[in-house]
Amino acid sequence: MTCFDRRDLGLLLLRLGTGGVLAAHGAQKLFGWFGGGGLSGTGMAMAAMGYVPGKRSALAAGLAEAGGGTLLALGLATPAAGASAAGAMTGATAVHLPHGFFAQEGGYEYAASLGLTAAGLALTGPGRISLDHLLGHTVNRGWMVPAALGVTAAATLAVVGARNNRVRRAAEGEQPTLFDE
């Protein structure tokens with residue numbers, strides 16, 4: 001019988017906590033669970049935030065969060081799971097960035113924390129209390145870590161960059177009020 005050490009237990013707790021939160025966030029977007037808007041409501045919100053088309057953006061974010069979170073919690077395909085969740089949280093961080101760091105003021109601290117934890121789990125691996133370990137790490141190979149993080153980083157940069165350009169162009173087109181009524 002294998003004895004698990006504290007690192008395995010710590011990774012299990014990180015995976016369950018972070019993965020569970022991400023899966024719940026994704027379920028809000030995909031299904032409207034837990035008070036979420038579902039694809040239609042989230043799609044309208046995503047479009048208003050500059051992620052267009054909104055419904056497809058909501059689907060992508062929901063799948064990255066729900067799928068990545070579920071896989072992280074299970075410790076399955078950990079590099080891809082952590083990378084996809086980190087990419088989704090980078091997109092959320094971009095939306096909250098203008099509001100500063102702290103979440104109580106609409107800042108990015110929460111999204112950044114989830115994203116960094118997911119990326120850290122992608123790098124570190126799931127530990128021995130995981131489906132990856134049980135399955136002999138067939139979907140958790142060393143080469144998968146840079147591949148998953150690299151592909152996700154490139155896609156995230158493209159999506160967030162396009163969103164930021166749209167938001168900037170919209171802001172430049174706004175005419176300030178010249179006279180108070």
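Predicted model: local features only at pLDDT ≥ 70, side-chain atom pairs only at ≥ 80, totals over all residues.
Residues are numbered from 1 along each chain as its sequence is written, and side-chain values use heavy atoms, with hydrogens and water left out.

**View A. The salt bridge between D5 and R7.** The count comes to 4 salt bridges, each defined as a side-chain nitrogen of Lys or Arg within 4 Å of a carboxyl oxygen of Asp or Glu. In the pair formed by D5 and R7, the closest N and O atoms are 2.9 Å apart. D5 is partly exposed, at a relative accessible area of 25%, while R7 is exposed at 61% (buried means under 20% relative accessible area, exposed over 50%, and partly exposed in between, with a 1.4 Å probe and protein chains only).

**View B. The salt bridge between R128 and D5.** The side chains of R128 and D5 meet at 4.0 Å, N to O. R128 lies in the loop between α5 (109–124) and α6 (131–134) and D5 in the segment before α1 (6–31), so the pair ties together parts that are 123 residues apart in sequence; helices are DSSP runs of H or I with at least four residues, numbered from the N terminus.

**View C. The salt bridge between K29 and E65.** Here the closest N and O atoms are 3.0 Å apart. K29 belongs to helix α1 and E65 to helix α3 (residues 54–74), so this pair links parts that are 36 residues apart in sequence. Both K29 and E65 are buried.

**View D. A network of shared partners.**

Key. Helix = DSSP H or I, 4+ residues; strand = E, 2+ residues; numbered from the N terminus.
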